[in-house]
Amino acid sequence: MVNFIGRFNVVPSLPEKLEPMREIVYNLFWTWNHDAIELFRRLDRKLWEESHHNPVLMLGKISQERLDEVAADDSFISHMHRVFVQLNVYVEEKTWYQKNYKYDGDKFIAYFSAEFGLTECLQVYSGGLGVLAGDHLKSSSDLGLPLVGVGLCYKEGYFQQYLTNDGWQQERYELTDFYNQPMSLVTRKDNSPFKISLDFPGRTVIVQVWKIQVGRLPLFLLDTNVSENSDEDKRITRSLYGGNIETRIQQEIVLGIGGIRALNEMGIKPVVCHMNEGHSAFLALERIRFLIKNYNLNFTEAKDINFYSNVFTTHTPVAAGIDIFSNELVEKYFGSYYRQELQVSDKVFYSLGTIIKDKPPTEFNMAHLAMNMAGFVNGVSKLHGKVSKKMWISGFVDIPFDEIPIDYVTNGIHTRSHLSNDMHELLYRYLGEKFLQNPADHEAWKGVDEIPDEELWRTHERRRERMIAFARNRLIKQIKERGGSTSELAFAKEVLDVQALTIGFARRFATYKRGTLILRDIERLTSILCNPDYPVQLIFAGKAHPKDEEGKKLIQEIIAFSKEPHLRKKIVFLENYDMNVARYMVEGCDVWLNTPRRPLEASGTSGMKMIANGGLNLSVMDGWWDEAYSPDIGWRIGNREEYADLDYQDEVESRLIYEIIEKEIVPLFYNRGEDKLPRNWISMMKNSMKKLGPVFNTTRMVEQYAQKFYFPSYEKRISLMKNNWEKGKAFSNWKTKLYENWNRVKFISISEEEKNGDLKVGFKYPVVAEVELGDLTPDDVNIQIYFGKVDNGSDRLKSYVAMSHVPKKSKSAPYTYRGEIECKETGQFGFTLRILPKHPLLINSFELGLIRWA
């Protein structure tokens, strides 16, 4: 390999009139602005497609003659200035945050994620987690949150998929030229690249930083591919989810520790840090180190203070989805860090990597580290919140299930990023500006009723036609690339029917998602698809993980069926699923099929992208659909059953799919009057849009994150910082005192003042307790009566009521508490008492893991 002795960058030479284009292409506001995308198409439609929708690369490749030509085109210049004004108005207008909140500081929230799906040309995402992170940034920008994103800059990104003739998935890795992407290298005042250093075993790793502007806010991506590093270290950020377990811990050190260090050195001092999954959890250690080094706090004080300004979102419903490192590997990378920087023993340090406190840890769990370090922990749907509590219940000994401190915020999508231009224009015409400015506004969505059925249906049909044209072109390209025959190419031009009911299935091909469930009874499916009067067709897309052989077999099975002579026009698999393929599918499919094995889908968001585009959902009651479903907006598969016999489950649920399609979906779709409109189907489309549109979007989601987590975190952190961390130190000392005294906390006696006969509704049942608190006082604890119906240990929620402290009669007397249970309904009730920590700064009473039951 030739070593270059010098480097220089070449940028497009734009005519002066086109200079606004430079600012337009480097702000991803264009990814959700159809007027901007149309501007790029107008510049060079063919090059726009060839560049994979990358306007920076397109400007670099377009001929100087064409640039001069459009510079002299008054119409094009007018269009460009219109988009430029839209960008500047967007950046400068007053936002939700500015109108409602006035916290001090700029960019005080840092959002960390291992991947970000912002647009198809930026290959730093693999799937749903990344697209959600990208949508989180976009809605944070819309709302004006003082937030920055932090991630990794992958030279390869996720793999490109192609299939062999027999349908077996192969992977191809393409290198990304960052200098031809809508991103820029962060530099210092002297224009030299901004770089930080990280201590690795026996060496120093240098990291440079790239910046992507997402509307009003920046995303910073860390990159180890710099000349100062060895070839091995250059590869740390080479590929997303690639390499081995040691590559993974290296990437997570760069993301977590490097991310915090880079922000601080750039002058961005985050007050609140949000860990999107556990990949970035090492950031919590670096935040502790920063406080120890700069504010002379000890480890316990720094850890306790940081706890209240860290947020952790878990996206996995199974333990296998969590990164776990051996203690030996962690020791290799963190031995000197925790001894010298954090100044703690190995026992203390390794206890951070587990929530199981009754036995020494043998491995380091990144989700557990995040949970130990974050005051706010949440799942990504209502059901997933419960699943997360079940998964981690062993870390919350003696805490009632419904009170385990794991919250939920249901995922959403950035509506404008996933909305077709046709539907965008239709909704804007009838819902107005309010819908665009606030997709979470229920009142705005009621305007859907004003859309004439004809207009809504014709708009949807146009999108189906365009999706099928896209699918045919994609198939032709696939066949050419693998050397297919002329007859295959001719056949590809005729696949699918633009008028037929079209069902889409596109997602990662993991076995639990059951991508081939609808193919289980191929004879019955064939009778549905090949009905000459009421035809149905299926479009599949998705990638299997490179190491997932079973997932690849599912794809191969679909390909085999799609080659059957009677099904070749009915079943299509589109290769290399990405945000562009997804866009066409969610904009054009009539029904979105979702068949995960409940409860293994934490949320899922692909079906949400159907909503504003007028598509309907057919799904297992899992993830977001479990809380979204009602009979007037879509269809459910099953009724929340969970099975021990998985083969039997597949048999039952595949039959349900066929029955729903045959008896409900097909009749509803093809029931047309003289005007050829499926009026009842259109009514369901409108119900889905009105009811689900204002809820399942990231505007609502990010507002919830801000109000439930970000702003309370900020307020607690600022409070703890005052007077040189005086309040923070006192709070930490209070925690230490509580831990030291808890073994002495106990109930001495409990008496019931009302033991004679039954009580009537409306009466109160009094209880008195005497307690021992050691060196604690009534200001340090809450004593509660915990009660509920005696119902054989069901999951039914119990209630509690606080007891009041009764002043002591003498100094030596124990503390006395009195409380009453209000009898509101009939039945047999039971009660017990409990003692919990109490402090105004606690987020909840269970975060210290201390509870004493009677």
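Biologist: How many residues does the largest nonpolar core have?

Modeller: This is a predicted model, in which local features need pLDDT of at least 70 and side-chain atom pairs count only at pLDDT 80 or more, while totals for chains, interfaces and linings use all residues. Residues are numbered from 1 along each chain as its sequence is written, and side-chain values use heavy atoms, with hydrogens and water left out. A nonpolar core is a set of buried Ala, Val, Leu, Ile, Met, Phe, Trp, Tyr and Cys residues joined through side-chain atoms within 4.5 Å, where buried means under 20% relative accessible area with a 1.4 Å probe, protein chains only. Leu-18, Phe-282 and Tyr-710 are among those with the most contacts inside the largest core, whose residues number 179.

Biologist: Which helix gives the most to this core?

Modeller: Helices here are DSSP runs (H or I, at least four residues), numbered from the N terminus. With 13 residues, the one that gives the most spans 698-741 and is helix α29.

Biologist: Is Asn-411 buried or exposed?

Modeller: Asn-411 sits in the loop between β14 (407-408), a strand (E, at least two residues), and α17 (421-431). Leaving out residues up to four places away in sequence, Asn-411 touches, with heavy atoms within 4.5 Å, residues including Leu-132, His-315 and Arg-700. Because its relative accessibility is 5%, Asn-411 counts as buried.

Biologist: How far apart in space are Asn-411 and Leu-132?

Modeller: In sequence, Asn-411 and Leu-132 are 279 residues apart. In space, C-alpha to C-alpha, the distance between Asn-411 and Leu-132 is 7.7 Å.

Definitions and conventions
Buried < 20%, exposed > 50% of the residue type's maximum accessible area, 1.4 Å probe, protein only.
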